[in-house]
Amino acid sequence: MNYFDPFSIFWFLLFFYLLISPQLSYRRLQAMRVRAMERLSRMRGSSVITLIHRQERIGLLGIPFYRFINIEDSEQVLRAIRMTPRDTPIDLILHTPGGLVLAATQIAKAIKDHPAKTTVIVPHYAMSGGTLIAIAADEIIMDPHAVLGPLDPQIMGYPAPSILKAVERKDVNEIDDQTLILADIAEKAIKQLRDFIVELLEDRMGRERAEEIAKILTEGRWTHDYPLTPEELKKMGFNVKTEVPKEVYDLMELYPQPMFQREVVEFVPRSEKMAKQ
């Protein structure tokens, strides 16, 4: 006689739910993001593109995925820019710790070459390669407390300027071949990045000022995680504004941190009703 084992059915349904539920939640989040981007696009009359690297809580066990700017990102952003009409402004919402110089350079060049106005919006931070992309735009809109970062190249986990400085302080006969090779690569990396920054800024700032900014950003004046505030960027000559649209913050809420992670910061907004009680 054939019959269904209730316990087997229960465990099958539970497993199926655990398997499919995160994917359904992720698809629902994606749909909400699209609607939020469409609202922002209508409000600003622009094509809205996002490059947001936060930990995603997807997968069977909600395992976090750590993201950085990579070649796949550059392919997708370039495709989005290419599909944008030449007379349509672009708003790129940027939230990233950085990533591959090659990928960031491709995106920055595409932003620079778009004929209509380009704006990079930074609600929290855009470091390293993210900064390279930001300075390519006609305008940068940052939260008053958002930051960009220096552009000193990183070679094998070490800042290129620091490698050169270490080599300069020692007799060449006391330095191993690997370090000398790293120093050669570091010197080339700094020059290549400086030349590209000048290419991005020259028509807006003039050759001399562009070279000065390129040197400041790549010479190792600060540590790689040094926060460049809107005030500092304005002093350098960048077109920075601090009025981030509310819709951008609403969109950022749709990029959650991994599940099973205890909230470190919590708050209850104080309303007018609470104040009258």
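Guide: The buried residues of α5 pack against β9 (154-155), β10 (158-159), α6 and α7 (207-218). Helices (H or I, at least four residues) and strands (E, at least two) are DSSP runs, numbered from the N terminus. This is a predicted model, in which local features need pLDDT of at least 70 and side-chain atom pairs count only at pLDDT 80 or more, while totals for chains, interfaces and linings use all residues. Residues are numbered from 1 along each chain as its sequence is written, and side-chain values use heavy atoms, leaving out hydrogens and water.

Visitor: Which residues of helix α5 are buried, and what makes them line one face?
Guide: In α5 (residues 160-168) they are Ala160, Pro161, Ile163 and Val167, where buried means under 20% relative accessible area with a 1.4 Å probe, protein chains only. Seen down the axis of α5, these residues fall within an arc of 160°, taken from the directions from the helix axis to the C-beta atoms, so they line one face.

Visitor: Why is α6 called oblique to α7?
Guide: The two helices pack at an angle of about 140°, with their axes 8 Å apart. Angles under 35 degrees count as roughly parallel, over 145 as roughly antiparallel, 65 to 115 as roughly perpendicular and the rest as oblique, so α6 is oblique to α7.

Visitor: What is Phe238 in contact with, leaving aside its neighbours within four places in sequence?
Guide: Contact means heavy atoms within 4.5 Å, and on that basis Phe238 touches Ile135, Leu201, Met205, Ile213 and Leu233.

Note on methods
Buried means under 20% relative accessible area, exposed over 50%, partly exposed in between (1.4 Å probe, protein chains only). Axes are lines fitted to C-alpha atoms, for helices over the stretch in contact, and angles run from 0 to 180 degrees between N-to-C directions.
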